[in-house]
Amino acid sequence: MESNYSNFLSVSFNENIDTFSVNRKSFKILDSATSEELAIKSAWLNTENSKNVNIITENILDTSKTYMFLLNLSDTNFIVSDTLGNIPDTSNKSVFFVPETDYYSVKPILKKLPFNDSTQNIDPRNEHYFTFNMGIDRFDNSKLKISDENGIEVDFDLNFPCENIISIKPKNVLNSTQWYRIEFQIDSITGANYLMADDSLVILNFLTSDIRNYGSASGKVNLSKECDGNVVIILKSTTDKFQVATKLNMDGTFNFEHLPAQTYSIEMFCDENKNFRYDYGNPFPFKHSEYFVIPELKITIKPRWKVEDINLDF
């Protein structure tokens, strides 16, 4: 653990951490003398080293005091985990530190784009991620837009899946084989340390793929296991990282549209807390992992072909 600043910590783990598991609620900082809890402003996975988590405090820490940093295991929805879903060793969940006098004065910098400018064959359903070097405090969403080749703006949903990542996803599937443009005014970003990004404009032109050549799949799940939540079905490509998920309908049926032509494996799980992601559970306080099934069946999708009557047991 490094604490070379009065408002910034860097915490190291022995495994690569899942970026989507990192949240300010995953950790606590306490005054070691009084046990007073100090507010954490932001926490995010280091963009250069996926074993390190960076943290900015709400206020400057007193350099004459000793503090205790610890994992927060009281809320199972915010427990940090590695890329395999394992949580850190709970026998070594805290460490003491004394902060330094320097203020963490790094400006927000865009570290990773969803793709390069003029990229072709972009799936028109894709969600696009912009990753920054620190947590984001404020953002003017009017400074980020998508438009088609005629300059007509496209409505999209904007989310923060992590505290340093902005994601955008068109509300409707984009047209096939059409050029679009993303414009992002970066100086609209204020970091968790209250510093603004430098003035710069990112422009990404992209050509969507032809989803008319995609296929689809549908079927039914036979439920033998009671699920106090939603049954989620995931199709995972066996050749690349593409995957898509859907919830089981009330009548036990499911449907996937616009699937790239390739072979998929299947996973299913009971999404008890309805967060649309598999939760591995927690030893303390104890919470069992969500029930899951991995059928042996593989689905092969052909261009413009619908695979029907898939029968799965859960």
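Mentor: Let us begin with Ser10, which lies in strand 1 (residues 8-12); strands are DSSP runs of E with at least two residues, numbered from the N terminus. Residues are numbered from 1 along each chain as its sequence is written, and side-chain values use heavy atoms, without hydrogens and water. The model is predicted, so local features need pLDDT of at least 70 and side-chain atom pairs count only at pLDDT 80 or more, while totals for chains, interfaces and linings use all residues.

Ser10 counts as buried because its relative accessibility is 9%; buried means under 20% relative accessible area, exposed over 50%, and partly exposed in between, with a 1.4 Å probe and protein chains only. Its side chain makes a polar contact of 3.3 Å with that of Asn54. Such a contact is a pair of N or O atoms within 3.5 Å; within protein, one must be able to donate a hydrogen and the other to accept it, and residues adjacent in sequence count only if both atoms are side-chain atoms. Apart from neighbours within four places in sequence, Ser10 is in contact (heavy atoms within 4.5 Å) with Met1, Glu2, Asn52, Val53 and Asn54.

For contrast, consider Ile60, found in the loop between strand 5 (52-57) and strand 6 (67-71). Ile60 counts as exposed because its relative accessibility is 56%.

Elsewhere, Leu144 touches Phe139, Phe156, Leu158, Ile166, Ile168, Ile182, Glu183 and Phe184, leaving out residues up to four places away in sequence.

How values were computed:
Helix = DSSP H or I, 4+ residues; strand = E, 2+ residues; numbered from the N terminus.
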